[in-house]
Amino acid sequence: MTEIGKPVLRFAPSPTGMLHIGGARTALFNWLYARHSGGRFLLRIEDTDRERSTPEAVSAIINGLSWLDLTWDNEIVYQFSRAGRHREIAEKLLAEGKAYRCYATPAELEEMRAAQRAAGKPIRYDGRWRDRDPAEAPPGAPFAIRLKAPQTGETIIHDVVQGEVRFANEQLDDMVLLRSDGNPTYMLAVVVDDFDMAITHIIRGDDHLNNAARQLQLIRALGWPEPVYGHLPLIHGPDGAKLSKRHGALAVEAYRDMGYLPETMRNYLLRLGWSHGNEEIIPTTQAIEWFNLDNIGKSPARLDFKKLDNLNAHYIRSMDDKVLADEIAAFLARETPPRRLTDKARSRLIAAMGSLKDRAKTILEFIAGADFLFTDGVRQPDEAAAKVLTDEAKRLNGEFLAATEGAPWSAPVLEEKARELANAKGLKLGQVAQPLRAAATGRTTSPPIFAMLEVLGREESVARIKSFSA
RNA sequence: GCUCCCAUCGUCUAGCGGUUAGGACGCGGCCCUCUCAAGGCUGAAACACCGGUUCGAGUCCGGUUGGGAGCGCCA
């Protein structure tokens, strides 16, 4: 089953909230490395916190990864279902004398920490049951199982991102492996699951760097192979502070709803903390070929929506017309109330696609800019357009209609007629074009107006212009 | 408080002892132009600070400052 020598990566989120941009990037890096190296990418849901884990969060993770097209191999592993196995390992450690029973009560420990805080001392378990005779234990009292961690020397992590990170063992206390209610802790569960899943590379957020030392101690006590670690610097919001709901800590699906493409997100997230020289535009297929662990940056990055917009505009422009039309139809269908892209609207969209594409940073913008193509009927001019439609403008519109009567309804011809009209009046082309734009689209900005009139067709165009002409 | 991590234009970054410190986004100007974009050209913009090491430091070492993470019978 496991190809010998091939890396096995995993993404292991806890289902206690949204899959946000930071988690998405962690997943992306793991996925890219797995695909790059021909290894496997596994998904494990760390749902051992029964209080906070929710099915909604599980589906948010699955939906988010699916939207980004970060496909995982094998079945999803649900950590909670493996509690028995975790317990078994804790018992084994206990039997081997590598772990011990701790009868300290939560209240007692809280008191200990308060005292340490008050004395300005480091806050950690003081090992009060480490060497105590179990016979002293209050009969029948609940106990937790703690790892008998080394107290001298140091634990060194050779991190592919951060380099060599050293922790003095005296700084690390004896962590709980099994709670007094018999449930395994996160530390135990991760180590056991990573081993059982044959994980070779652990690429995760920087917030786990401190944990890595403790996990390494556990792994060594168990005599298991040590994985390669890589701790990614965290992503900050645009203001440099922690991601908050206001900016960035949105579910990845929120980015979809804002009109960003999955390919854009993959490229942007990749570039946030990884580089390949001066390359900026890195489509996913190229990313898979290039990705490595050596070029991951060490410093935290901020989210920059301007750059995201720019990248998205790029991918919108390079998208296949029909695929884009489908994407737009899907967006319209998700609106409330939903809109349907009619066949007529779709063919207009395809016809105008080239110039529409250059004008949108997001799918949402695209839709707003193409709105005048979706339905027939006279447009309600917006504020700026209404200003353009003066009496003089309406007269020009009328003259334009008269001048184009009987002429072929094509962009070059329409433009020529407009030029003739402008010349005759001593006006610039723009002075003739703007009133037409305002009447035909209801706005003062649009793709080239004569091309748009051609796309709308004679009948529809004339109807719209006529209602704003004199 | 303690431990750990980080530090190049506003932002993302290239740089792996000798560079006019490069690119991208954004911003300014010019060109193109029926509007808005797109595109082309172009401009401003950075090595946090202080000490070392070295013939020579953005690059190596130490400290300062500033950010961040962690210190649970949460994950």
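A residue counts as near a strand if its C-beta atom, placed from the backbone, lies within 6 Å of it. Keep that cut-off in mind for this predicted model.

Start with RNA strand B. It is surrounded by 67 residues. The closest are Ser14, Glu46, Tyr186, Ser299 and Pro448. By class, this surface has 23 nonpolar, 25 polar and 19 charged residues. Several elements give two or more residues to it, among them β7 (163–168), α6 (209–222), α10 (305–317) and α18 (449–456). The largest share, 5 residues, comes from α17.

Now follow α18, one of those elements. Is it mostly covered or mostly open? It is mostly covered, with 7 of its 8 residues buried. The buried residues are Ile449, Phe450, Met452, Leu453, Glu454, Val455 and Leu456. They pack against α12 (343–357), α13 (363–374), α16 (411–425), α17 and α19 (458–466). After α18 comes Gly457. Its phi is positive, near 90°.

Turn next to the largest nonpolar core. It has 113 residues. Leu28 and Leu177 have the most contacts inside it. Helix α1 (residues 21–37) gives the largest share of this core, 9 residues.

Finally, look at Leu28 itself. Set aside its neighbours within four places in sequence. Leu28 is then in contact with Leu70, Arg266, Leu269 and Leu270.

Terms used:
Residues numbered from 1 in each chain as written. Chains lettered and ligands numbered in written order. Predicted model: local features only at pLDDT ≥ 70, side-chain atom pairs only at ≥ 80, totals over all residues. Core = buried A, V, L, I, M, F, W, Y, C linked by C-beta atoms within 7 Å. Buried ≥ 20, exposed ≤ 12 C-beta atoms within 10 Å, placed from the backbone. Helix = DSSP H or I, 4+ residues; strand = E, 2+ residues; numbered from the N terminus. Contact = placed C-beta atoms within 7 Å. Nonpolar A, V, L, I, M, F, W, Y, C, P; charged D, E, K, R; others polar.
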